[in-house]
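Open your viewer and get ready to select as you read. We start with the whole chain and then visit single residues.

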Amino acid sequence: MHATPDPGTDLAASTASRSRGASRHGAILVTGAGGEMGHGLLEAFAAERARREEAGESFPAVVAIDLRELPESHRALCDESFAGDICDDALLERMLSSFEVGEIYHLAALLSTRSEFVPETAHAVNVGGTLNLLRLAAAEARTHGSAVRFFFPSSIAAYGVPDLATKRAAGAVSEDQFLQPHTMYGANKVSGENLGFYYANHYRKLAADRMAHPIDFRSIRFPGIISADTVPSGGTSDYGPEMLHAAARGEPYACFVRPDARIPFMTMPEAIGAIRTLMAAPAESLGRTVYNIQSFNPSAEEFLAEVRRFFPEAETTFEPDLARQSIVDSWPEACDDAAARADWGWAPTYDLASAFSEYLVPRIRERYAR
Ligand code: AKB
């Protein structure tokens, strides 16, 4: 049986014709670059570039895409930025006319709370966008003849633990348990993981001229992430960072989950470090495409106790929102990260106490003192 000789997309066809034209610059592409994680990643690339250039080595161009124009602080960290939709082929075409993409960090997504208000839009962005980027990566791989390395941030939202009793009994869950999420965002994350696996290993299975592994797909299931520099919006793990930032600003905060709500968390620098380490790991050492990681997993009440150690005046109350609480209840209270530890040397930098005393509090105090 024969399939069509080419992926059959305009993007693929024009990528091939471009390769015969003017030379393009090797590039790392970051989508959703204006978000919390995007900024951290752009900073890490800028630091890496400075190190490499000092050693007389080259570093690829860093190209950012975000729905909105990037702030100057972000733009200064990349070689080129594009404002627009990752589902817009014309935008991707413009980017590809100048850059040959060898690595992609696909961060653009609608988070879990926001996605429940507009599930179909969330699917279009979270799954449609991922599919478009995978397709672009496969076309680029065909053009330059080597696999494109692709990072996809998955989430504990990929899990759907059926009820609280099961959550408490399960403890730390492995990558393969409870994969029936209760949210559109979670369903989108599972789809992204599966699409990545397909493009990496089985893309165009029946085509005579197929490239066996056009994409080197790597993914981390992140817990809730806490940054000292930014307050997230649209997520359900946001109660942790919101509680801390409100206390540091001296503002009251009504926490939308019960005191006993428990999920895993980590700090933003640990998340950025983990992405960089996973993406630098030799392919032979990776036994899976998707890895759990976590640093600490306090209940909301334990998190508040830590906040009050530094901000004793914190005016925090608990006013659970039943719907958002039900999402947190469907996420595991801990993740088994043994595979990440064994395959690419993942280890958390902080526990709850040191995350507060060594990173969050000093930096947040400095931020709000400005
Ligand atoms: C969210 O709450 O939606 C995100 C996540 C856990 O992926 N922070």
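How much accessible surface does the protein chain have, and what share of it belongs to carbon and sulfur atoms? Show the surface as you think about it. The total comes to about 15,600 Å², and carbon and sulfur atoms hold 52% of that. Keep in mind that this is a predicted model.

**Stop 1: the whole chain**

Switch to a cartoon view. The protein chain has 14 helices and 13 strands. Its radius of gyration is 21 Å, close to the 21 Å that the globule rule gives for 370 residues, so the chain is as compact as a globular protein of that length. Turn the model along its principal axes. The C-alpha trace spans about 65 × 50 × 40 Å.

Now think about the inside. Buried residues make up 51% of the 370 residues.

Next, colour the charged side chains. There are 34 positive and 50 negative ones. The centres of the two sets lie 3 Å apart.

**Stop 2: the two domains**

Select 11-223 together with 268-292. That is domain 1 in the domain assignment. Then select 226-266, 295-331 and 350-369 for domain 2. Give each domain its own colour. Their centres, taken over C-alpha atoms, are separated by 27 Å. The contact between them takes 22 residues from domain 1 and 26 residues from domain 2.

**Stop 3: His-25**

Select His-25. You are in strand S1, which covers residues 25-31. Is His-25 buried or exposed? His-25 counts as exposed, because its relative accessibility is 53% and the cut-off for exposed is over 50%. Leave out residues up to four places away in sequence, and His-25 touches Ser-98, Phe-99 and Glu-100.

**Stop 4: Gly-128**

Jump to helix H6, residues 119-144, and pick out Gly-128. Gly-128 is partly exposed, with a relative accessible area of 27%. Which residues does Gly-128 contact, leaving aside its neighbours within four places in sequence? They are Cys-87 and His-123. Then find Asn-188. It lies 60 residues from Gly-128 in sequence, yet 9.5 Å away in space, C-alpha to C-alpha.

**Stop 5: two positive phi angles**

Go to the loop between strand S6 (172-173) and helix H8 (184-201), and select Phe-178. Phe-178 is not a glycine, but its phi is positive, at about 50 degrees. Phe-178 is partly exposed, with a relative accessible area of 24%.

Arg-204 is another residue other than glycine with a positive phi, near 55 degrees. Is Arg-204 buried or exposed? Arg-204 is buried, with a relative accessible area of 11%.

**Stop 6: Glu-306**

End in helix H11, residues 300-310, at Glu-306. Glu-306 has a relative accessible area of 10% and is buried; the cut-off for buried is under 20%. Show its surroundings. Beyond the neighbours within four places in sequence, Glu-306 is in contact with Leu-352, Ala-353 and Phe-356.

Methods:
Residues are numbered from 1 along each chain as its sequence is written. This is a predicted model: local features need pLDDT of at least 70, side-chain atom pairs count only at pLDDT 80 or more; totals for chains, interfaces and linings use all residues. Side-chain values use heavy atoms; hydrogens and water are left out. Helices (H or I, at least four residues) and strands (E, at least two) are DSSP runs, numbered from the N terminus. The radius of gyration is taken over C-alpha atoms; the globule rule is 2.2 Å times the number of residues to the power 0.38. Buried means under 20% relative accessible area, exposed over 50%, partly exposed in between (1.4 Å probe, protein chains only). Accessible areas come from the Shrake-Rupley method with a 1.4 Å probe; for residues, only the protein chains shown count as cover. Lys and Arg count as positive and Asp and Glu as negative; His and the chain ends are not counted. The place of a charge is taken as NZ of Lys, CZ of Arg, CG of Asp or CD of Glu. Domain bounds come from an automatic or database domain assignment. Contact means heavy atoms within 4.5 Å.
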